Amino acid sequence: MRNYRMTLCYDGTRYRGWQKQANTDKTIQGKLETLLSRLLDQTVEVQGSGRTDAGVNARLMVAHFDTEQPIKDIDRLVHSLNALLPQDIAIYGITPVQRHPGHRPGQGGRPVLHLRLPEHRGRGRHGQAHQGL
């Protein structure tokens, strides 16, 4: 499997949000998966870095997807996507990335991140202000 990061933007006015839904094709994720699957001749699932609600725009969204084989011409793929996607969705770029070492198969394709939050002056780890400061 090859893993790719995709950066994009969109005007969400005509869409029901980022996440694909069974009852409509008016989602950003759905449009991307349909077109990537067609262009790459394989089933492609796109995972976003977050979600937006219906009608919400994104100046910069980061997503990732896996392919069975390496993409031979990424620039051509970006050009094809931008030519075929509706004008309110634009791909900035696609880059190959290493799979995160915390990734575990069977967890929805998302990496597992273990974060330790820094303690800030005047606030504990959970954001409560310390007394007397």
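**Pocket lining and strand pairing in a predicted model**

In this predicted model, the largest pocket is lined by Leu39, Leu40, Gln42, Gln69, Pro70, Ile71, Lys72, Asp73, Arg76, Leu77 and Ser80.

Reader: How do the residues of the lining of the largest pocket divide into nonpolar, polar and charged?

Author: The pocket in question has a volume of about 270 Å³. The division is 5 nonpolar, 3 polar and 3 charged.

Reader: In which sense do E1 and E3 pair, parallel or antiparallel?

Author: Strand E1 covers residues 2-10 and strand E3 residues 58-67, and within this pairing Leu8 of E1 has Met61 as its bridge partner in E3. E1 is also joined by 8 bridges to strand E4 (residues 89-97), where Arg5 stands opposite Thr95. Over 8 bridges, the sense in which E1 and E3 pair is antiparallel.

Reader: Is the aromatic pair of Tyr4 and Phe65 stacked or edge-to-face?

Author: The structure holds 2 aromatic pairs, and in this one the ring centres of Tyr4 and Phe65 lie 5.6 Å apart with 25° between the planes. The pair links strands E1 and E3 across 61 residues, and both Tyr4 and Phe65 are buried. Because planes under 30 degrees apart count as stacked, the pair of Tyr4 and Phe65 is stacked.

Terms used: Residues are numbered from 1 along each chain as its sequence is written. This is a predicted model: local features need pLDDT of at least 70, side-chain atom pairs count only at pLDDT 80 or more; totals for chains, interfaces and linings use all residues. Side-chain values use heavy atoms; hydrogens and water are left out. Rings of Phe, Tyr and Trp (its six-membered ring) pair if their centres lie within 6.5 Å; planes under 30 degrees apart count as stacked, over 60 as edge-to-face and the rest as tilted. Helices (H or I, at least four residues) and strands (E, at least two) are DSSP runs, numbered from the N terminus. Buried means under 20% relative accessible area, exposed over 50%, partly exposed in between (1.4 Å probe, protein chains only). Two strands pair if DSSP finds at least two bridges between them. On a 1 Å grid over the protein atoms alone, a cavity is a set of points where a 1.4 Å probe fits but cannot get out, and a pocket is an open set with protein on both sides within 12 Å along at least five of seven lines; lining residues have an atom within 4 Å of a point. Grid points are joined across faces, edges and corners, and a volume is the space filled by probe spheres set on the points. Ala, Val, Leu, Ile, Met, Phe, Trp, Tyr, Cys and Pro count as nonpolar, Asp, Glu, Lys and Arg as charged, and the others, Gly among them, as polar.
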